[in-house]
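Please open the model in a viewer and keep a selection tool at hand. The stops below may be followed in order.

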Amino acid sequence: DATSGNTGIAYAMLGAALGYRVKLVLPGNLGPTHRRILTAYGAELVLSNPQESSDGAIRLARKLYAESPGAYFYADQYENPANWQAHYHGTGLEIWQQTRGRVTHWVAGLGTSGTFMGTAKRLKALDPAIQCLAVQPDSPLHGLEGLKHMPTSLVPGIYDPTLPDQILEVGTEEAQAAVRRAAREEGLLLGLSAGAALAASLRVARGLSAGVVVTVFPDGAFKYFEQSFWQEGPA
């Protein structure tokens, strides 16, 4: 499959545990720590053009599958309805139960879009008044690995642009600052897509007099420690 985030690690872990060979197509600018983790699980890595980000990985994965369809099971996380359905039956219901129905705002990043879509659909079914806000990078050229700038990217087939009540744009530096703040103030080591979700959630919360804002942190910091932003001053 094509991936640039934690899904690839999940594929590699499951493949190792179940005895399946895993082949992942990833952007060539994938960090060295991320590569080492995937190869430690035994995954075969195919690197696409780094200038094309996750879209390049998607195109290359489709090409490899089209050339040898009998050789692979292609999970195709960007088109597979099981992606959003897992969050409809899982994440969305868990949020409703754990907040005792008090959730007022759902905030999540757009990568494959499955987490946002499935959760938003379930929450809207439970309470149509819940505001569902999607997060994307503020530019096509960004450092938020795992997130898509939808206006300039291959749009996943599972994404419904009519579902978000609002699109929130977050810059790379804003997400990096949120990551450093979470580590130094809360003891949470987040990845950059999680930092973007945190930054957007804080922005939403600052505009409320009351409410319950829920987000999800889909990525940890361990793949990004080689990046220089960790050495910058406090957020």
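Buried here means under 20% relative accessible area, exposed means over 50%, and partly exposed lies in between, computed with a 1.4 Å probe on protein chains only. The model is predicted: local features need pLDDT of at least 70, side-chain atom pairs count only at pLDDT 80 or more, and totals for chains, interfaces and linings use all residues. Residues are numbered from 1 along each chain as its sequence is written, and side-chain values use heavy atoms, with hydrogens and water left out.

Begin with Asp 219 and Lys 223, both of which are buried. They form a salt bridge (a side-chain nitrogen of Lys or Arg within 4 Å of a carboxyl oxygen of Asp or Glu), and their closest N and O atoms are 2.5 Å apart. By this rule the count comes to nine salt bridges.

Next, select Lys 23 and Glu 44, another salt bridge, with the closest N and O atoms 3.9 Å apart. Glu 44 lies in strand β2 and Lys 23 in strand β1, 21 residues apart; helices (H or I, at least four residues) and strands (E, at least two) are DSSP runs numbered from the N terminus. The two residues are also bridge partners. Show residues 23–27 and 44–48: β1 and β2 pair in the parallel sense over five bridges, where pairing requires that DSSP finds at least two bridges between two strands.

Now move to Val 170 and Ala 196, which have the most contacts inside the largest nonpolar core, a set of 23 residues. Such a core consists of buried Ala, Val, Leu, Ile, Met, Phe, Trp, Tyr and Cys residues joined through side-chain atoms within 4.5 Å. Two or more residues each come from β4 (131–137), β5 (166–170), α7 (172–186) and α8 (192–206); the largest share, seven residues, comes from α8. A second, separate core of 18 residues includes Leu 123, Cys 132, Tyr 159 and Leu 163.

Glu 174 lies in α7 and Arg 203 in α8, so the pair ties together parts 29 residues apart in sequence.

Finally, colour helix α5 (residues 91–98), where Thr 91, Gly 92 and Ile 95 are buried. Viewed down the axis of α5, these residues fall within an arc of 105°, so they line one face of the helix; the arc is that of the directions from the helix axis to the C-beta atoms. Just after α5, Arg 100 takes a positive phi of about 55°.
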